[in-house]
Amino acid sequence: MTDTLRAWLPDAAAWASVALMGVCGLRLLGRLIRVLRGQEDAFMPAKAADGEAGRAPVRALLAAAGAALLSRALIYLLAYAMRRAMGDPGGFFETLPALWVHWDTRHYTGIALEGYTAVGDERLRLVFFPLYPLLMRVLSPLTGGNVFFAGLLISLACTAAASALLCSLAYETYGARAARLSVAYLLLSPMSVFLNCCYTEALFLCLTLSVLLLLRRGRPWLAALCGMGAALTRMPGVIIAGLFLIELLAGIPKGRFNLRAVLRCAGQMLIVFSGLLVYWAINWIVTGDPMMYMTYQRENWFQEPGTFWGSVSNTVYYLLGSLEEGDWFFSWGAQLAAMAFVFLLLVFRSDALPFDWAAYSFVYVAVVLAPTWLLSGPRYLFALAPLPMLKSRMFSGRGAHAAALALSAALLVLFTFGYTIAVEVL
């Protein structure tokens, strides 16, 4: 590859991402105008459901939760079989920490055991939000004081709950077939390997899907509390506040826009943002600076606020420079593929989502892909709650969905190897 091409490709990719997101943004603006005029329901998709949509039966919800637990058990067994095949004679539970304690898991277990500090290398744990490690600490008596196994229990329980919530939302929005497909796309996603870990994906998905469902059930205050939990779990949780603003604006053509509605919306948004305020307070108590986490991110992870197109450009640049390295696919290659897939999905299929979910998805993608030196883009995108439902609208034919799910499952096996085995041997 010529030097000229290497220099040109990152900029071309960045401009392509701007064009795709620009098209999606313009379409969303058009839909917002229709919502404000009363020409579109902000909470229902423009396209018809697959058959009769309605409340999901209990057996469907139990099946979704059961599928979640079964799939996670199979992933654990697959990782264990891979380790045995490489000559490790250890037992199943004995090898779980060696297989699944990598990267962020060490930080969460450290916070659960010792809390936050302002000294030593442990001070860097402050960049990780507090709700997940707090739950690990609270539930550790159930696992004999082992916070790692407490974290696995949290992730498994939240994965089962998230699958049931997703099934319920998809069922009443699109019908039974879309509900089954949505759950399948969630559980067979390559990034669903992080649902098996002491990572925040399962908890964040569970809380976000709870918000979406509670808003549909007319329980906005309870939804706001779940939104606060999401904001205490990960920074993008505050984006949930925008859903309450959309509810307020959707009331304009129905004559429900008044001072009381504005104050109610402001209160609900403030509850969501209070999760971030609590995190800032922890930073201030520990270090005297409520924004210290940003300093640590900049100094140790080279991350600070940026743009999604800057991240696309950087991803292409680093990908071209790492093609001769053994892990280029697990890092920059996977990230570029995930970015391109979600951009295209938003452009060509976001109209299949209700307006509020489509707007949330657009803002979420733009925000989570914005940090400089981004390397966890695929994992961040996986935590976009409406994404599995968006995937269920990709195709109309069963064969196309079967092929897509088969490819996704194959990549899940590959990434299971990457997280549990290759991280130690490459």
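I began with the burial of Arg379 and Asp104, and found that both are buried, where buried means under 20% relative accessible area, exposed over 50% and partly exposed in between, with a 1.4 Å probe and protein chains only. I was working on a predicted model, in which local features need pLDDT of at least 70 and side-chain atom pairs count only at pLDDT 80 or more, while totals for chains, interfaces and linings use all residues. I also kept in mind that residues are numbered from 1 along each chain as its sequence is written, and that side-chain values use heavy atoms, with hydrogens and water left out.

**Salt bridges**

I looked up the contact between the side chains of Arg379 and Asp104, which meet in a salt bridge at 3.4 Å, N to O; the term requires a side-chain nitrogen of Lys or Arg within 4 Å of a carboxyl oxygen of Asp or Glu. This pair links distant parts of the chain, with Arg379 in helix α16 and Asp104 in helix α4 (residues 104-114), 275 residues apart. Helices are DSSP runs of H or I with at least four residues, strands are runs of E with at least two, and both are numbered from the N terminus.

I then found that the side chains of Arg379 and Glu201 meet in a salt bridge of 3.0 Å, N to O. Here Arg379 in helix α16 is joined to Glu201 in helix α8 (residues 201-216), 178 residues apart, and both residues are buried. I noted that Asp104, Glu201, Arg234 and Arg379 are linked in a network of salt bridges.

For Arg125 and Glu114 I noted a salt bridge of 2.9 Å, N to O. Arg125 lies in the loop between α4 and α5 (131-139) and Glu114 in helix α4, 11 residues apart. Arg125 counts as buried at 12% relative accessibility, whereas Glu114 counts as exposed at 56%. By the same rule, I recorded a count of nine salt bridges.

**Aromatic pairs**

I searched the whole structure and recorded 26 aromatic pairs, taking rings of Phe, Tyr and Trp (its six-membered ring) as paired if their centres lie within 6.5 Å, with planes under 30 degrees apart called stacked, over 60 edge-to-face and the rest tilted. Tyr80 is in helix α2 (residues 58-85) and Phe92 in helix α3 (residues 92-100), 12 residues apart. Tyr80 counts as buried at 15% relative accessibility, while Phe92 counts as partly exposed at 24%.

Phe302 counts as exposed at 54%, and Trp373 is partly exposed at 34%.

**Helices α7 and α18**

I checked that α7 is mostly covered, with nine of its 12 residues buried, among them Arg177, Ser182 and Tyr185. In helix α18 (residues 398-425) I looked up Ser408, which is buried with a relative accessible area of 9%. Not counting residues up to four places away in sequence, Ser408 touches Leu188, Ser189 and Pro190, contact meaning heavy atoms within 4.5 Å.
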